[in-house]
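Please look over the sequence and the model shown here before reading on. The report that accompanies them is meant for a reader who is new to this structure.

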Amino acid sequence: PVDADAVTARLRAGFEIKHTPSHLSFLAEAEGTLGLVNQYNAFPFAVPGSSQRRPGFAVVADGESIDLNRLQVQYKTKAFALTVGRQRINLDDQRFVGSVAWRQNEQTFDAVRAEATLGAVSLDGTYAIQQDSIFGSESGPRRAMDGDFVFLQAGTKLGAVSAKAFSYLIDYDDPFAFANSSQTYGARVSGSFALSNAVKLNVLASYARQKNMGQNPVRYEADFVLAEVGLGYNGFTLSGGYEKLGTDSKVGKAFQTPLATLHKFNGWADLFLTTPGNGLEDYYVTLAKALPKVKAVQGVTANVIYHEFRSDVGNVKFGTEWDASLAFKTKKVSWLVKYANYNANRFGVDRQILWLQTEVSF
């Protein structure tokens, strides 16, 4: 299965009622996805009886479905928010927990989330009992995964520097997901510094340690390391970084982030949605440009990214990848052109993907 052609359409509709004196709101939202051209495999796993499982094509994970995306009650003030129900959760850059909004069907959580600000300290805690996946209502048991999920964050900001400690506990109830049960503890530091009136320095660093949890059949410990430096000038941003999802070489089990918006990281060709057993090192360089606003077109941004992928153990050269995108908005319509080109060495096969996307909001 090397080729696929997919033209999909999504309608997402909902309503929100706010009662300002009580600080309460109620939100309900549903979405439906239709495959107009369905020469693609919607599911990278077996779904008995599903006509959307088409192994003769490459995977495009936008299955036809009708789903309840969000259904929540929220109490919110300036210093505190409490959200109960099926909700969207995006933490930081979504490296560990995100909504995967890139796909037609979002990832949401059946959860209770509390957010508070106490002076210079921010606190964020979530307890979820279900992960509602991107695969939609027709994907069998992988439509939603039950378990106990705890996301905890505590952060502060000192001048231009933000620091945060985090803990993510994932304990699945479904046997097919046991291998992703884990506990992760770490920290993240970021900052932006003006070097002159025109030049800005951006820095980001993060470290985490992960080990098995619950009924994960493998006992392991692995590290996550991220370091990134960027310079901004006149709408241009040039940045370079290194990310490692390490492995426990004794058992061949690598650091995983199953709740992340994975498409944002390690290349848009999606070769590394699951970290290989010998781990992953990603060396990358990004050039981004935000173009000036004009009357007819707003928010024009262009990106070019280069990745070099290696294993954490054994120094295996996995491959390289070029990614590029152009995004802009005309009135209420958002447009996106996106391209990924993965050149395989010792992992996977060559892959090229082109996306054309438009979204209307009203």
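## Basis of the model

This is a predicted model, in which local features need pLDDT of at least 70 and side-chain atom pairs count only at pLDDT 80 or more, while totals for chains, interfaces and linings use all residues. Residues are numbered from 1 along each chain as its sequence is written, and side-chain values use heavy atoms, with hydrogens and water left out.

## Overall architecture

The protein has zero helices and 19 strands, where helices (H or I, at least four residues) and strands (E, at least two) are DSSP runs numbered from the N terminus. The radius of gyration, which is taken over C-alpha atoms, is 21 Å, close to the 21 Å that the globule rule gives for 362 residues, so the protein is as compact as a globular protein of that length. The globule rule is 2.2 Å times the number of residues to the power 0.38. Along its principal axes, the C-alpha trace spans about 55 × 50 × 45 Å.

Of the 362 residues, 43% are buried; buried means under 20% relative accessible area, exposed over 50%, and partly exposed in between, with a 1.4 Å probe and protein chains only. Among contacts (heavy atoms within 4.5 Å) between residues at least 6 apart in sequence, 55% join residues at least 24 apart.

Q130 has its place in strand 6, which covers residues 121-132, and is buried, with a relative accessible area of 14%. The side chain of Q130 makes a polar contact with the side chain of D110 at 3.1 Å and another with the side chain of D132 at 2.7 Å. A polar contact is a pair of N or O atoms within 3.5 Å; within protein, one must be able to donate a hydrogen and the other to accept it, and residues adjacent in sequence count only if both atoms are side-chain atoms. Not counting residues up to four places away in sequence, Q130 touches R86, T108, F109, D110, R143, A144, M145, D146 and F149.

T108, one of the residues that Q130 touches, is in strand 5 and is buried, with a relative accessible area of 1%. A polar atom of the T108 side chain lies 3.2 Å from the backbone oxygen of N69. Leaving aside residues up to four places away in sequence, T108 touches N69, R70, R86, Q87, R88, Q130, Q131 and D132.

F151 lies in strand 7 (residues 144-158) and, at 1% relative accessibility, counts as buried. Its C-alpha atom is separated by 8.6 Å from that of A128, which is 23 residues away along the chain. When residues up to four places away in sequence are not counted, F151 touches I89, L91, V97, F109, D124, G125, T126, S167, Y168 and L259.

I170 is found in strand 8 (residues 161-172), where at 6% relative accessibility I170 likewise counts as buried. I170 and Q183 are 13 residues apart in sequence, and their C-alpha atoms are 6.2 Å apart in space. With residues up to four places away in sequence again not counted, I170 touches D148, F149, N180, S181, S182, M213, P258 and L259.

## Two loop residues with positive phi

D92 has a positive phi of about 55° although it is not a glycine. This residue is found in the loop between strand 4 (80-87) and strand 5 (108-118), and at 34% relative accessibility D92 counts as partly exposed.

N315 also has a positive phi of about 55° without being a glycine. N315 lies in the loop between strand 16 (298-310) and strand 17 (317-330), and at 52% relative accessibility N315 counts as exposed.

## The second largest pocket

The second largest pocket holds about 230 Å³ of space. The elements that give two or more residues to its lining are strand 1 (5-19), strand 2 (24-39) and strand 3 (65-76), and the largest share, four residues, comes from strand 3. On a 1 Å grid over the protein atoms alone, a pocket is an open set of points where a 1.4 Å probe fits, with protein on both sides within 12 Å along at least five of seven lines, and lining residues have an atom within 4 Å of a point. Grid points are joined across faces, edges and corners, and the volume is the space filled by probe spheres set on the points.

The residues lining this pocket are E16, K18, H19, T20, H23, L24, S25, L27, R70, Q72, Q74 and K76. By class, the lining has two nonpolar, six polar and four charged residues, where Ala, Val, Leu, Ile, Met, Phe, Trp, Tyr, Cys and Pro count as nonpolar, Asp, Glu, Lys and Arg as charged, and the others, Gly among them, as polar.
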